[in-house]
Amino acid sequence: MPRPTGRVLTLLELLQSGGTRTVAELADRLGVDGRTVRRYVGQLIDLDVPVESVRGRYGGYRLAPGYRLPPLMLSDDEALAVMLGLVAGRRAGVMTAGHTASETASAKIRRVLPKRIARRLDTLLESLAFTDQPGEFAAPDAGVLLTLADAVRHRRPVSIRYTDRDGRRSERTLHAYGIVAHSGRWYVTGTDPEIGEDRTFRLDRIADARTLPGSFEAPVGPDPAQRVLSGFATAEYRHEVVLRIHGTVEQIRARLPAGVASLEEYAPTADKDRATGRWLRVRLRAERLDWLPPLLASLDRPFVIERPDELRVLVIALAQRLASHACQA
């Protein structure tokens, strides 16, 4: 059974996580009654920890704003979670300020860890292997990211300076309603009020972000992540590809995710079981077509190419090469 001192430290950790905690919630987490919670709070106050009492129906206890936290204290599980999060974020490319901030943060955490925990973490990290290479993506500016996050939360317009993939620079106003991490990059999605259309921007291409006066209403419909994926699937590229594939949504999405292609019923079958295979029309856009024939072959589903004709030629050529290789002695 935890000793009272341990429970007091646990109470401090709960209050450090932010917000107001009710007496009932704290009592449940600590395994004590409400009277004991109040006694523990008194002990923290005696140690000059500024715990505030919040009255009312949703009242309880919280730490005073601006309270400087004591030296970092992590349990084994917490240290493992933090270190693995830093490693995974660095490999996925969803870190700000490049690799330097991640490496210095890891070093600071290691310095305050007990040697026993540090050795166990080192053992794990040395044993850990990944199936893909680390992400080599440009990192967004932390100031830009935080400014956009604040604009999203408070529904404030924001002015951004943006450089597109062709190197064209522009300054525009955005009603930002979501920040999305996808495939190693950060994106902000919102409405451009000048043209009244949804737009998605890469954060590493935003040189500056500045909050503007005013506010806007949050849009209805798909969430920000779905809007970003839909935008990728319908972006302007050299080739517009339209296919019909016989299979379930799950089978097709295994090779053509929402960020690559959009799906629609070719012959509606609302009266049939959703798990039953049927024809779906698949639309996508691509700069090159050479990656599609092997992908379609890997689907192992019947398909029809509606357009373009160039894709049909590439698929036939791949089929002939495979047949030729299979027939060789």
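**Exercise 1. In what order do the four strands of the open sheet stand, and is the pairing parallel or antiparallel?**

The model is predicted: local features need pLDDT of at least 70 and side-chain atom pairs count only at pLDDT 80 or more, while totals for chains, interfaces and linings use all residues. Residues are numbered from 1 along each chain as its sequence is written, and side-chain values use heavy atoms, with hydrogens and water left out. Helices (H or I, at least four residues) and strands (E, at least two) are DSSP runs, numbered from the N terminus.

Solution. 

Step 1. The order is S9-S10-S8-S11, and the pairing is antiparallel. Two strands pair if DSSP finds at least two bridges between them.

Step 2. Strand S9 (261-265) and S11 are the edge strands, each pairing on one side only.

Step 3. From one strand to the next, the twist averages 25°.

Step 4. S8 and S11 run antiparallel and are joined by four bridges; leucine 243 stands opposite isoleucine 305 in S11.

Step 5. H10 packs on the sheet, where it touches S8, S10 and S11, and its direction makes about 10° with that of S8. H11 also packs on the sheet, touching S8 and S11, with its direction at about 145° to that of S11. For these angles, axes are lines fitted to C-alpha atoms, for helices over the stretch in contact, and angles run from 0 to 180 degrees between N-to-C directions. Contact means heavy atoms within 4.5 Å.

**Exercise 2. Determine which residues of helix H10 (residues 292-299) are buried and where they lie around the axis.**

Solution. 

Step 1. Leu292, Pro293, Leu295, Leu296 and Leu299 are buried. Buried means under 20% relative accessible area, exposed over 50%, and partly exposed in between (1.4 Å probe, protein chains only).

Step 2. These residues cover an arc of only 160° around the axis, so they are on the same side of H10. The arc is that of the directions from the helix axis to the C-beta atoms.

Step 3. Their packing partners include strand S10 (278-286) and helix H11 (309-327).

Step 4. Just after H10, aspartate 300 takes a positive phi of about 55°.

**Exercise 3. Describe the two sides of helix H2 (residues 23-30) and its contact with helix H3 (residues 34-46).**

Solution. 

Step 1. Val23, Leu26, Ala27 and Leu30 are the buried residues of H2. They fall within an arc of 100° seen down the axis, and therefore line one face of the helix.

Step 2. The face turned away from this buried side carries the exposed residues Ala24, Asp28 and Arg29.

Step 3. H2 and H3 pack at an angle of about 95°, their axes 9 Å apart; the two helices are therefore roughly perpendicular. Angles under 35 degrees count as roughly parallel, over 145 as roughly antiparallel, 65 to 115 as roughly perpendicular and the rest as oblique.

Step 4. Val23, Leu26, Ala27 and Leu30 of H2 make the contact with Gly34, Val37, Arg38 and Tyr40 of H3.

Step 5. Glycine 31, which follows H2, has a positive phi near 75°.

**Exercise 4. At roughly what angle do the axes of helix H1 (residues 4-16) and H3 cross?**

Solution. 

Step 1. The axes come within 10 Å and cross at roughly 80°, so H1 is roughly perpendicular to H3.

Step 2. Pro4, Arg7, Val8, Leu11, Leu12 and Leu15 in H1 meet Val37, Tyr40, Val41, Gln43 and Leu44 in H3.
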